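Q: Got a model here that I'd like to walk through. Can you take my questions as they come?

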Amino acid sequence: MAAAADTSEASAAGIALAEANINWERLDKTRFHVIGAILFTAQQGALHPTAVVKTRMQVAEGGLAHMSGFAVFRRILRSDGIPGIFRGFGTAAVGALPGRVLALTSLEISKEMTFKYCEHFDLSEASQIAIANGIAGLMSSICSCSYFVPLDVICQRLMVQGLPGMATYRGPFDVINKVVRTEGIRGLYRGFGITMLTQSPASALWWSAYGGAQHAIWSRNNCWCLLVDYHHSSRYHQDSASGYGQLW
């Protein structure tokens, strides 16, 4: 009887661990994308002023490279006001929504496909999860770079317009028209190679570490719960054998 209880508890722990890994088929995709879009947009809004300051400091023609970040921030506020530090935010926020859907969808689908493929190899569950998450992070980064690099080029052109020697634009579509007309499609993908080479390995490493850590944490928590349940079960069987089981 005790052996049956132990088997049941071990099975329950395994089910609980499996429940921690929400795959693409079981995922509520609408809620997943909506909540993700809200959180990412809020984060982007909080960090966008720093992106504007950094981009303007990197443009040598603007004459701001010798100034500190706080000095540039104050100068933008003094000359352009609050809209100045959020220049290009509308384009970045709205334009990033399809990109985030692409990144998250490619991440989850590639993770699910890789995890099924890894099941054919003699690997531990932790290794399978780490490998699947790592490859998923790599593929997601490659897919998202094809979308976000042109978006970054457009946003950066909007951020620096008005500086000495910089062109002015009527909006994001005007940026696209002028860049394609003067530089071709390659102008929208300026920096694509270096972006992919730097971000893709970092994304693979991050997601691999995240998947491994998540698995380790859930495994430890379920082992602890199994130990507690086993203790109570053993105590119950001992008390039942001595005649005190009816008191529980």
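Q: Start with R170. Which residue does R170 form a salt bridge with?
A: R170 pairs with D174, and their closest N and O atoms are 3.6 Å apart. A salt bridge here is a side-chain nitrogen of Lys or Arg within 4 Å of a carboxyl oxygen of Asp or Glu.

Q: What should I know about the model and the numbering?
A: The model is predicted, so local features need pLDDT of at least 70 and side-chain atom pairs count only at pLDDT 80 or more, while totals for chains, interfaces and linings use all residues. Residues are numbered from 1 along each chain as its sequence is written, and side-chain values use heavy atoms, with hydrogens and water left out.

Q: Back to that pair. Is R170 buried or exposed?
A: R170 is exposed, at 75% relative accessible area, whereas D174 is buried, at 8%. Buried means under 20% relative accessible area, exposed over 50%, and partly exposed in between (1.4 Å probe, protein chains only).

Q: How many salt bridges in the whole structure?
A: Six. Another one joins the side chains of R56 and D80, at 3.8 Å from N to O. R56 lies in helix 2 (residues 29–58) and D80 in helix 3 (residues 69–80), so this pair ties together parts 24 residues apart in sequence. Helices are DSSP runs (H or I, at least four residues), numbered from the N terminus.

Q: And how buried is R56?
A: R56 has 5% relative accessibility and counts as buried. D80 is partly exposed at 30%.

Q: Which residues are linked in a network of salt bridges?
A: R157, E183 and R190. R190 is exposed at 55%, and E183 is partly exposed at 30%.

Q: Where does helix 5 bend?
A: Helix 5 bends by about 35° at L97, with a proline, P98, following within four residues. The bend is the angle between axes fitted to the seven residues ending there and the seven starting there.

Q: What does T114 do in that helix?
A: T114 lies in helix 5 and is buried at 12% relative accessibility. A polar atom of the T114 side chain is 2.7 Å from the backbone oxygen of S110.

Notes:
Helices (H or I, at least four residues) and strands (E, at least two) are DSSP runs, numbered from the N terminus. A polar contact is a pair of N or O atoms within 3.5 Å; within protein, one must be able to donate a hydrogen and the other to accept it, and residues adjacent in sequence count only if both atoms are side-chain atoms.
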